[in-house]
Protein chains: 2
Amino acid sequence: MPIDPHAAIEITALRWVPEGAQGLGKDLRVRWALEEAGLNYKVRLIGGERPSGYLQDQPFNQVPCLRDDTVRIFESGAILQYIGEKSDELLPADPQTRYSAIQWTYAALSSVEPFVQFRSLLNNVFAGEEWAEPAKPTIEHFARLRLQQLSDRLGDKQWLEGDRFTIGDLMMVTVLRIAQRSGQLADYPGLAAYVKLGEARPAFRRALSDQLAVFAANQPQPEGAAA
Amino acid sequence: MPIDPHAAIEITALRWVPEGAQGLGKDLRVRWALEEAGLNYKVRLIGGERPSGYLQDQPFNQVPCLRDDTVRIFESGAILQYIGEKSDELLPADPQTRYSAIQWTYAALSSVEPFVQFRSLLNNVFAGEEWAEPAKPTIEHFARLRLQQLSDRLGDKQWLEGDRFTIGDLMMVTVLRIAQRSGQLADYPGLAAYVKLGEARPAFRRALSDQLAVFAANQPQPEGAAA
């Protein structure tokens, strides 16, 4: 198991999040990549109140960050590339294959995530706002456009560039899980199958299980319960 | 001048966009990076109706794509990295400096752009929707949070990591120009100064001038004007 308190690589993760957000936190991307690459890591857990100085590590107060003996970095995309460079599988050295993987990592974060994330927020974080319901058709239109384009491009391939799973697929699957959680993949069976294929990878299952185990161990006690 | 019809590098750009979008198109990022790196390039102009087969180059039907003798890639972030790797200035080889630049490229696209872009859309693309006005306070709250955090991190430094301008700054400046165009930087003089510093670079000015020259040359004729 790659989790090792003496590992050189340390990542940050949240101690607990509400059930609706469990399994979607961005440390999952990094845990998954580390599992795929077979790299040991340790986890620094942080809470809703960030530890003093955390903004130095992550200026937007988010998780994850990664540090080891060489770098201190944030942003899950950059971290996936860093891990990918330690694994010729996840981020091959051949220029075209390498840049295809990098372009899909960016595409997941920049051309897909903002649209499906915003559509998802209308169901949860923004659900109480008077404008959330009337905004849905327009936002859904844009989210569906991107999902359709992605579905068309994936076609019946296994992964985005064919037979090889790269950091681009890893990132895209985690982004599509946001869409799936809010019911956005119902009309895209090809994308749903692609997510399922990603989730079936042993490295993904270990990463998810490790993230969820942290939340289970740090479940807030109900008001009035014995400590 | 790096524009050269016989150059090995080809990028795609739009032939014309309405005035409110001029100077914000994503090919500007790539033109700017190519100018900084001193690399010659040619431009393949495309219109509102994309040429047949364009989805093969860019699955989301956007610009820019880049192709040369080595790669065919899309996503401006991936393209900036590719150009950066040809220039030790824009993307230094030292691991920490390199990954700091890459993390800021991702941060611009993933932690800043979606928020300021969405706030901007409420003023233009979504302005006619009944929910656009009531949505503004909430969306603005999130956009301002990210702008404040970025402003705090930049502090009084010249560039995000100090004295050295990298692809991370290049991407961040172009993202902040979206915010500025829609009045979102009024309370962030440090970010406005940072944008101004970026825009003062000769490479930026050449890139912007070349982008605008295309729009000027392809201005649609008013209905009924002589051909």
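Buried area is the accessible area, taken with a 1.4 Å probe, that two parts lose on being put together, summed over both. In this predicted model, local features need pLDDT of at least 70 and side-chain atom pairs count only at pLDDT 80 or more, while totals for chains, interfaces and linings use all residues. Residues are numbered from 1 along each chain as its sequence is written, and side-chain values use heavy atoms, with hydrogens and water left out.

Chain A and chain B bury about 4,200 Å² between them, and 61% of this lies on carbon and sulfur atoms. On the chain A side, Phe60(A), Tyr99(A) and Tyr106(A) lose the most area to chain B, together 19% of what that side buries. Contact (heavy atoms within 4.5 Å) takes in 48 residues from chain A and 48 residues from chain B. Of the interface residues of chain A, 100% are also interface residues in chain B, so the copies meet through the same surface.

The symmetry comes next. With the copies superposed by least squares on C-alpha atoms of residues with pLDDT of at least 70 in both, a rotation of 180° with 0.0 Å of shift along its axis places chain A on chain B (RMSD 0.0 Å). That is the relation of a two-fold axis. Trp131(A) is the residue of chain A that comes closest to the rotation axis, at 2.6 Å (C-alpha).

Key: Chains lettered and ligands numbered in written order.
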